[in-house]
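Colleague: I would like to go through this protein with you. Please show me the sequence and the structure, and then take my questions.

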Amino acid sequence: MKKLLTKKIIIIFVLFLIVFGSLPNVALAETPGEKLKSMGYVIGFADGKLHEELFMKQGELIVLVARYIRLNQIPKEYQFMAEQNNFDRFVNRVYNFFVSSFYKAKDFFIRGYYKITGKEIYPGVKAGHYLFNSVVVLRTYGFQIPEGIDINARITSEDFFNILYGMLGLDESEFENGKDIPQIEKYRIIFSIHGKRNSPLLSKKGYLTRGEVFKEFLRLLQSENNQ
């Protein structure tokens with residue numbers, strides 16, 4: 001009798017696994033961080049996990065935005081003229097070769113200089129630091145990290161937009177008489193001007209978790225692709 005009961009329990013358990021496995025992967029749906037990882041924006045920690053429950057640091061957001069710049073704003077090829085014939089294509093190939101070579105050489109010398117000298121390429125960042133490669137890319141292609149960033153400090157919603165828009169070249173210089181506009185309102189206006197809907201992060205108090213940042217960053221990417 002006990003053996004029959006045990007067999008029934010095993011059969012029911014196997015059937016449960018089969019039925020559960022055939023259901024839509026609601027419980028196994030990708031998190032924002034996992035989606036960004038599959039897109040090449042996020043790597044994760046040494047243990048292979050993303051730890052979306054942890055507070056994000058400002059330096060980690062710099063890496064995220066730097067990867068966005070590398071994947072979206074640095075041309076894979078350069079053009080000198082519109083291609084209408086073989087000569088135009090030849091000129092563009094030559095031009096592309098020299099421009100690409102220039103940036104490769106610039107990257108090489110910047111990277112080599114700070115590796116050899118052991119100097120900080122950014123406050124608190126030397127060769128071997130997780131931020132080093134991102135800062136080299138930014139330096140090579142002329143992108144700037146906003147002033148006043150503490151790479152080890154936790155991120156607030158204000159920090160999020162300061163880093164994001166500052167690194168992408170959108171800042172308070174767009175405002176006339178900007179001193180009279182509250183800081184959070186400036187971000188709302190910038191957010192609206194550049195085709196983005198108001199972010200839920202603007203009303204978020206306190207520090208942001210990695211998951212919250214990933215969710216908002218993914219939303220911005222998706223809204224950009226839908227425009």
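Modeller: A nonpolar core is a set of buried Ala, Val, Leu, Ile, Met, Phe, Trp, Tyr and Cys residues joined through side-chain atoms within 4.5 Å. Buried means under 20% relative accessible area, exposed over 50%, and partly exposed in between (1.4 Å probe, protein chains only). This is a predicted model: local features need pLDDT of at least 70, side-chain atom pairs count only at pLDDT 80 or more, and totals for chains, interfaces and linings use all residues. Residues are numbered from 1 along each chain as its sequence is written, and side-chain values use heavy atoms, with hydrogens and water left out.

Colleague: Which residues touch the most other members of the largest nonpolar core?

Modeller: That core has 47 residues. The members with the most contacts to other members are Leu61, Ile62, Ile121, Phe160 and Phe217.

Colleague: Which helix gives this core its largest share?

Modeller: Helices here are DSSP runs (H or I, at least four residues), numbered from the N terminus. At least two core residues come from each of α3 (58-72), α4, α5 (132-140), α6 (157-167) and α8 (210-225). The largest share is eight residues, and its source is α3.

Colleague: How far apart are the closest N and O atoms of Asp107 and Arg111?

Modeller: Asp107 has a relative accessible area of 19%, so Asp107 is buried. The pair forms a salt bridge, and the closest N and O atoms are apart by 3.2 Å.

Colleague: Why does Glu216 count as buried?

Modeller: Glu216 forms a salt bridge with Arg219, with closest N and O atoms 3.0 Å apart. Both lie in helix α8, three residues apart. Arg219 counts as partly exposed because its relative accessibility is 25%. Glu216 counts as buried because its relative accessibility is 3%.

Colleague: Why is the pair of Phe102 and Tyr103 edge-to-face?

Modeller: Rings of Phe, Tyr and Trp (its six-membered ring) pair if their centres lie within 6.5 Å; planes under 30 degrees apart count as stacked, over 60 as edge-to-face and the rest as tilted. The structure holds 10 aromatic pairs. The ring centres of Phe102 and Tyr103 are 5.2 Å apart, so the pair is edge-to-face because the planes meet at 65°.

Colleague: What is the angle between the planes of Phe108 and Phe109?

Modeller: Phe108 and Phe109 are both exposed. Their rings form an edge-to-face pair, 5.5 Å centre to centre, with an angle between the planes of 75°.

Colleague: Where is His51, the residue with a positive phi?

Modeller: Most residues other than glycine have a negative phi. His51 is not a glycine, yet its phi is about 50°. At a relative accessible area of 22%, His51 is partly exposed. The place of His51 is the loop between α2 (32-39) and α3.

Terms used:
Salt bridge = Lys/Arg side-chain N within 4 Å of Asp/Glu carboxyl O.
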